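This report covers the nonpolar cores and strand pairing of one protein model. The sequence and structure come first.

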Amino acid sequence: MTTPNLSLKLLVDKKVTRVVFAEGGKSFVDFLFNLLSLPIGTVIKALKNGSMVGCIGNLYGSLENLNEAYMQPNENKGSLLNPRIPAPATEAPLLLPDSNPQPIKTKLLYRCPNHHPCVTDSKDYRCPWCSNNMSEQVAFIGMNDSAANSTSQGGYVKDLVTYMVTDDLSVSIMSMISGVAPLNKFNVKDLMCLRKRWWSLGLTRVWSC
């Protein structure tokens with residue numbers, strides 16, 4: 001499975017070699033927001049080889065080193081060390097190695113054969129009206145349909161504007177006013193020292209121009 005590259009534009013203070021802020025589009029912001037949905041095991045695995053992740057990293061390492069003999073018969077370490085990531089319903093890019101997205105399963109609902117006004121997710125549950133087993137499967141066609149309209153672009157945000165991302169991962173709509181705030185924060189006095197750089201982010205490489 002090939003992962004897309006994400007493009008963004010950086011405003012760099014050449015005098016002190018510092019990124020003032022980044023300008024990104026819908027895809028980059030969708031990627032950032034999608035990080036909030038990842039299982040913690042996936043995050044730790046991504047950080048483990050290059051960053052200090054503190055006590056949570058120690059917890060991850062402890063499970064790695066634990067002998068399988070101490071695990072419950074119906075449990076395995078892999079489900080915690082390499083959790084399956086639900087496939088993003090919003091089509092946001094993951095840019096993660098070996099993510100193996102797992103499709104979100106549709107929940108099955110059941111009603112009784114006499115069609116009384118109640119449903120359950122347990123096939124063996126008895127109907128409170130007639131006491132028959134609620135074994136007749138029905139389709140769920142609720143809120144997922146309302147989100148899947150023809151004008152939806154997927155992802156989390158709309159592709160109507162440019163977004164500004166600062167070094168602390170604060171995201172806002174790019175405007176003349178919002179662009180001034182980082183300049184004041186970093187005490188940028190000489191605007192002639194500012195340069196624009198274009199970057200393309202991929203799974204294993206970062207390209208600049």
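The largest nonpolar core of this predicted model has nine residues: Leu6, Leu8, Leu10, Val12, Ala22, Phe28, Phe31, Leu32 and Val165. Strand 1 gives the largest share of this core, four residues. Helix 1 (26-34), like strand 1, supplies at least two residues. Another core, of eight residues, lies apart from this one and includes Val20, Phe21, Phe186 and Leu194. In soluble globular proteins, nonpolar side chains tend to be buried together.

Strand 2 pairs with strand 1 and with strand 5, as set out below.

| Strand pair | Residues of the partner of strand 2 | Bridges | Direction |
|---|---|---|---|
| Strand 1 and strand 2 | 6-13 | six | antiparallel |
| Strand 2 and strand 5 | 163-165 | three | antiparallel |

Ala22 of strand 2 takes part in both pairings: Leu10 stands opposite Ala22, and in strand 5 the bridge partner of Ala22 is Val165. Leu10, Ala22 and Val165 are also members of the nine-residue core.

Strand 1 and strand 2 form a hairpin, with four residues between the two strands. In the turn, Thr17 has a positive phi of about 50°.

Why is strand 2 (residues 18-24) described as largely enclosed by the rest of the structure? Five of its seven residues are buried, so strand 2 is largely enclosed. Buried here means under 20% relative accessible area. Ala22 belongs to the largest core, whereas Val20 and Phe21 belong to the core of eight residues.

How values were computed
Residues are numbered from 1 along each chain as its sequence is written. This is a predicted model: local features need pLDDT of at least 70, side-chain atom pairs count only at pLDDT 80 or more; totals for chains, interfaces and linings use all residues. Side-chain values use heavy atoms; hydrogens and water are left out. Buried means under 20% relative accessible area, exposed over 50%, partly exposed in between (1.4 Å probe, protein chains only). Two strands pair if DSSP finds at least two bridges between them. A nonpolar core is a set of buried Ala, Val, Leu, Ile, Met, Phe, Trp, Tyr and Cys residues joined through side-chain atoms within 4.5 Å.
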